[in-house]
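This report goes through selected features of a two-chain protein model, residue by residue and then at the contact between chains. The sequence and structure come first.

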Amino acid sequence: MRTIFFLLQKEFLQIFRNRSMLPIIFLVPVVQLLVLAFAANYEIKNLSIDVVDQDGGAWSRQLRDKLTASGYFSLYKQPASTEAAFEDLESGGADLVLVIPRHFERDLVRHNEVKVQLLVNAINGSKAGLAAGYAGNIIGDFNRRVRLEWLALDEDDAPSHFDVSYRYWYNPDMNYKFFMVPGILVVLVTMIGAFLSGMNIVKEKEIGTIEQLNVTPIKKIHFITGKLLPFWIIALFELAFGLTVGKLVFDLPMVGNIGWVFLFAAAYLLVMLGLGLLISTITETQQQSMFITWFFLIIFILMSGLFTPIESMPVWAQKITLFNPVAYFVKVIRMVMLKGSGWGDISYYLGVMLLFAVALNGIAVWNYRKTV
Amino acid sequence: MNNNAIVTKDLTKRFGDFTATNAITFEVGQGEIFGFLGANGAGKTTAMRMLCGLLKPSSGEAKVAGYDIYTQTEQIKKRIGYMSQKFSLYEDLTVKENIRFYGGIYGLSNRQIKEKTRQLLARLQLEKEAGHLVSSLPLGWKQKLSFSIAVLHDPSIVFLDEPTGGVDPITRRQFWDLIYESADKGVTIFVTTHYMDEAEYCNRISIMVDGKIKALDTPSGLKKQYNAGSMNDVFLQLARAKS
C-alpha cells in the first residue's frame with residue numbers, strides 16, 4: 001500500500017506541474033459544453049428559401065410571409081424563373097425553393113384546388129427532411145385557413161381530418177441542450193479516461209524511466225493502480241465540474257438522483273482506463289497510443305447514440321453498439337437526468353460495465369510486462 | 001564460489017536470427033569492480049539487461065546475488081541497483097522528490113528516506129539544489145545523482161550502463177570516487193564503459209566482441225597478455241581482430 005501512496009504522490013506532482021494539464025482540466029469542459037451544446041443542435045432554423053412567385057397575387061404573398069414569419073425560413077431571393085431559383089439551389093445559396101404557379105389565386109377560387117412545388121437540397125438528408133416537413137406543415141396550415149376564412153367554407157363542409165396533439169415526455173420543451181449536454185459530459189470523461197491514462201504510461205516508455213521502474217521490486221498491480229487512480233479521480237472531478245457548469249449555464253434538469261450518474265461513471269471509467277492501459281501495453285510512443293485510442297473513440301462516440309439514435313442504425317450496427325461502453329453511459333446519464341431512472345433501471349447496465357472493466361483490465365494487466 | 005555476486009554459464013540471447021549475447025560465462029566476486037567492455041553493439045547492454053531481470057535469456061544459466069535470473073527476478077530486483085544509458089530520473093520532479101520517490105518504492109521508511117536524503121545531498125553538495133527540478137541540473141550532476149539514487153536502498157550489486165557518457169573528465173573522476181566509496185562498503189559494481197582510462201580503475205575487465213567474451217583478466221594481466229602499453233591497445237587488438 002505504501003508503494004501506491006508514493007506512486008500517487010509522484011503522479012499528482014507531475015500532473016499538476018504540467019503546464020498544459022490545468023487548462024485541460026478546467027478549460028476544456030467549459031469550452032466543450034458551451035460550444036458543442038449550442039452547435040450540436042438538430043433543430044433547424046433560418047433555412048434560406050427562394051420563393052418563385054409566378055402568380056404575384058395577394059394570397060401568394062400571404063403564403064410567403066407565413067413561411068418567413070415562422071422563424072424556420074428566411075427569404076433568400078425571389079427570382080423570376082424556376083431556372084434562376086435552381087441556380088441558387090446549386091450554388092448553395094438556397095436550401096429550398098417554393099414555386100407558386102401562375103394562376104394560383106384563380107385556380108384556388110375556381111377549381112378549389114392548386115399545386116405548389118417544393119424543391120429541396122438534399123445533400124444533408126436529415127436537414128432536407130426537416131425542411132420539407134416544416135414547409136409542408138406551414139403550407140398545410142395555410143391551406144386550412146384559406147379554406148375556412150377566405151373561401152368561407154363551414155367546418156362541416158371541410159373534409160374531416162384527424163388532429164394529432166403531441167405531448168413530449170421527459171423533455172417537454174424539446175430542448176436539445178438538455179439532451180446533448182449529458183452526452184457531451186460523457187465524451188469529456190471518456191477523453192480524460194482513455195487518452196490521458198494511456199499516454200501517461202507510454203510517456204514513461206518514451207523518456208526511459210519505465211526501465212528504471214522495471215528494475216525495482218515494484219509490483220505490476222501497484223504500478224498500474226498508481227497510474228490509473230489519478231485519472232479516475234480527475235475524470236470524476238471533471239464530471240462534477242461539468243455538471244455544475246451545465247446546471248448553472250443551461251439549468252440542466254436533474255430529475256433522478258445524481259449519485260447514480262457518479263456510481264455509473266465510476267464503473268465506466270474503469271473500462272476507459274482499462275482501454276487506455278491496454279493500448280499503452282502495445283504501443284511504444286505517445287503518438288501511436290494517441291492514434292489507436294482515437295481510432296476506438298471516434299467509433300465509440302459516433303456509434304454511441306449521442307448524435308444519431310441507435311435505433312435508426314442498421315441491425316448489424318446496433319449489435320456492435322452492445323459492445324460500446326460509451327453508448328451505455330450516454331443512455332444511462334440521459335435516463336437518470338431526464339427521466340429520473342434509479343437503481344432498478346440502471347443496475348443491468350452497471351453490471352455490463354463492470355464486466356467490461358474486468359475483462360479489459362484483466363487483459364491489460366496480463367499483457368503488461370516488466371521485461372522489455 | 002558461493003560468495004560470487006554474479007555467476008553466468010553459457011548465457012545466450014537471440015533476437016530472431018541475430019545472437020546478441022553468445023554463450024557468455026563469467027563470475028564476479030562480491031565487492032569487485034567489474035568492467036564490461038566492448039564496441040557498440042557487442043552485446044553488453046543485452047547481457048546487463050538479462051542480469052537485471054529486464055530481459056528473458058534464450059538459454060544458459062545465471063545467478064545474481066544467489067538468485068536465479070529465470071525464476072527469481074523479483075528477489076534479484078530488491079538487491080540490485082541499476083543505472084541505464086538513458087538518464088532515468090524524473091526531470092519534472094525536484095532532486096528531493098526523486099530521492100523520496102525511489103526510496104519509497106524500495107520500501108524505505110520515512111525516517112530512512114529523510115536520513116538518506118540528508119546524507120546524499122551533503123555528499124553531492126546539492127543541499128542548495130534540493131528543491132530544484134532535476135531538469136535544471138547539469139548532466140554531470142544528474143549522473144552523480146542518478147548513481148546515488150541507484151544505491152539508495154543499499155543494494156549488494158549495482159549495474160551501471162555507460163554511466164559517464166558525455167560527462168567531462170573532472171566530473172568523471174568525481175563519479176568514480178562515488179563508485180569506489182560504494183565498492184569499499186562491499187557493493188559489487190558491474191560497469192560498462194567506452195573510456196579506457198576508466199577501464200584501468202576496474203579490478204577485472206571482460207572484453208566482448210560480437211556477443212562473445214574474448215578476454216577476461218585484470219587490467220595489468222590483459223596488458224601483459226596482449227603485450228600492450230595501455231588498455232586502449234588491448235581493446236583495439238581485440239576489436240580489430242574481428243574485421
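Ile279(A) is placed in helix H10 of chain A, which covers residues 258-282. In this predicted model, Ile279(A) has a relative accessible area of 2% and is therefore buried. Leaving aside neighbours within four places in sequence, Ile279(A) is in contact with Ser289(A), Ile292(A), Thr293(A) and Phe296(A). Ile201(A) lies 78 residues away from Ile279(A) in sequence, with 9.8 Å between the two C-alpha atoms.

Another buried residue of chain A is Asp107(A), found in helix H5 (residues 104-110). Its relative accessibility is 19%, and the limit for buried is under 20%, so Asp107(A) counts as buried. Not counting residues up to four places away in sequence, Asp107(A) touches Arg102(A), Asn112(A), Glu113(A) and Val114(A).

**A nonpolar patch on chain A**

Seen from the surface, chain A carries a nonpolar patch of about 630 Å². The patch is made by Leu27(A), Val31(A), Leu34(A), Val35(A), Leu36(A), Leu248(A) and Val249(A). Two helices of chain A, H2 (21-39) and H9 (220-250), each supply at least two of the patch residues. H2(A) gives the largest share, five residues. One of the patch residues is Leu34(A), which sits in helix H2 of chain A. With a relative accessible area of 32%, Leu34(A) is partly exposed. Patch residues need over 30% relative accessible area, so Leu34(A) passes that cut-off.

**The contact between chains A and B**

Which residues make up the contact, and how many come from each chain? Chain A contributes 28 residues and chain B contributes 32 residues. The size of an interface is often given as the accessible area lost when the parts come together. For chain A and chain B the buried area is about 2700 Å², and carbon and sulfur atoms give 57% of that area.

Across this interface there are 13 residue pairs in polar contact, with both residues at pLDDT 80 or more. On the side of chain A that touches chain B, the elements giving two or more residues are helix H1 (2-17), helix H7 (176-207) and helix H8 (209-214). H1(A) provides the largest share of that side, 10 residues.

Two salt bridges are counted between chain A and chain B. In one, the side chain of Arg49(B) meets that of Glu211(A), with an N to O distance of 2.5 Å. Arg17(A) and Glu97(B) also meet in a salt bridge, at 2.7 Å from N to O. Arg17(A) lies in helix H1 of chain A and Glu97(B) in helix H3 (residues 95-105) of chain B, so this pair joins two chains. Arg17(A) is partly exposed, its relative accessible area being 31%.

**Salt bridges in the model**

Side chains of opposite charge can pair when their charged atoms come close. Over all chains the count comes to 21 salt bridges.

| Arg49(B) | Glu211(A) | 2.5 Å |

Lys142(B) is buried at 11% relative accessible area, whereas Glu91(B) is partly exposed at 31%.

Because Arg172(B) lies in helix H6 (residues 169-184) and Glu198(B) in helix H7 (residues 196-201) of chain B, the pair ties together parts that are 26 residues apart in sequence. Arg172(B) and Glu198(B) are both buried.

In chain A, a network of salt bridges links Lys10(A), Glu11(A), Glu204(A) and Lys227(A).

**Positive phi angles in chain B**

Gln125(B) is not a glycine, yet it has a positive phi of about 55°. Gln125(B) lies in the loop between helix H4 (110-124) and H5 of chain B. Its relative accessibility is 64%, so Gln125(B) counts as exposed.

Asp210(B), also not a glycine, has a positive phi of about 50°. Asp210(B) is found in the loop between strands S9 (204-209) and S10 (212-217) of chain B. With a relative accessible area of 48%, Asp210(B) is partly exposed.

Note on methods: Residues numbered from 1 in each chain as written. Chains lettered and ligands numbered in written order. Predicted model: local features only at pLDDT ≥ 70, side-chain atom pairs only at ≥ 80, totals over all residues. Heavy atoms only, no water. Patch = residues over 30% accessible without salt bridge, like charges linked within 9 Å, V, L, I, M, F, W, Y side chains within 5 Å. Areas by Shrake-Rupley, 256 points an atom, 1.4 Å probe, with all protein chains shown as cover. Salt bridge = Lys/Arg side-chain N within 4 Å of Asp/Glu carboxyl O. Helix = DSSP H or I, 4+ residues; strand = E, 2+ residues; numbered from the N terminus. Buried < 20%, exposed > 50% of the residue type's maximum accessible area, 1.4 Å probe, protein only. Contact = heavy atoms within 4.5 Å. Buried area = accessible area lost by both parts, 1.4 Å probe. Polar contact = N/O pair within 3.5 Å; in protein donor to acceptor, adjacent residues only side chain to side chain.
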